[in-house]
Amino acid sequence: SSRVPWLSLTANSFLSRFLKAALHTIRPEYTSNLTFLANYLSELTLQEYGFLRYTPSCTAASVVSLALHTLGLPAWTEALQFHTGMKFADLESCLRDLLRVYQHAPRNQLQSVREKYSHSDRNSVSQIGCPVALPSAIIGHASIIAGPPASPMPSPFISSPVPSPFWSTFRKQGHKH
């Protein structure tokens, strides 16, 4: 009999989809830093057993949110809420753990991921300063609970987010997080 092999999903399974939703609303000059930083943060979570308590989609959404916040961009938007099916409040616990891992990365015994993202071909994103606090829970506004983001950048948004036809079709076909 033919059986479907067991499928193992990780945050990376959702990351590109959630990044597309985030990239849809920011200026092109932020694209590569956001993409590399999100991939770096995602790979850091793969080294931490504790992230198994979160769904892969929650981890991926948290990664995108923290990457946006780190770059001084709004940490959560209506477009992300629409495409992930999650509210910012759903990410709070995962975001706290992710921030802790990110802050601890320079002192972690496992340095290969940090080293990989320290090179110029990945925009040296592992060298970007880590935020001192989590973003607030205001959709589309990256105000800070305590302290400024590591790299503030002016006016990153092109316009208000509009769900693309691709994602509407994707969701209608029954794909869920």
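1. Leu110 sits in the loop between α5 and α6 (112-116), where helices (H or I, at least four residues) are DSSP runs numbered from the N terminus. With a relative accessibility of 46%, Leu110 counts as partly exposed (buried is under 20% relative accessible area, exposed over 50%, partly exposed in between; 1.4 Å probe, protein chains only). Its C-alpha atom is separated by 8.1 Å from that of Gln47, 63 residues apart along the chain.

2. This is a predicted model, in which local features need pLDDT of at least 70 and side-chain atom pairs count only at pLDDT 80 or more, while totals for chains, interfaces and linings use all residues. Residues are numbered from 1 along each chain as its sequence is written, and side-chain values use heavy atoms, with hydrogens and water left out.

3. Helix α3 (residues 56-70) and helix α5 (residues 92-104) have axes that come within 9 Å and cross at roughly 60 degrees. The two helices are therefore oblique to each other (under 35 degrees is roughly parallel, over 145 roughly antiparallel, 65 to 115 roughly perpendicular, the rest oblique). On the α3 side the contact (heavy atoms within 4.5 Å) is made by Cys58, Thr59, Ser62, Val63, Ser65, Leu66 and Thr70, and on the α5 side by Cys94, Leu95, Leu98, Leu99 and Tyr102.

4. Asn123 and Ser124 both lie in the loop between α6 and α7. Phi of Asn123 is positive, near 60 degrees, and phi of Ser124 is positive, about 50 degrees; neither residue is a glycine. Asn123 is partly exposed at 30% relative accessible area, and Ser124 is partly exposed at 24%.

How values were computed
Axes are lines fitted to C-alpha atoms, for helices over the stretch in contact, and angles run from 0 to 180 degrees between N-to-C directions.
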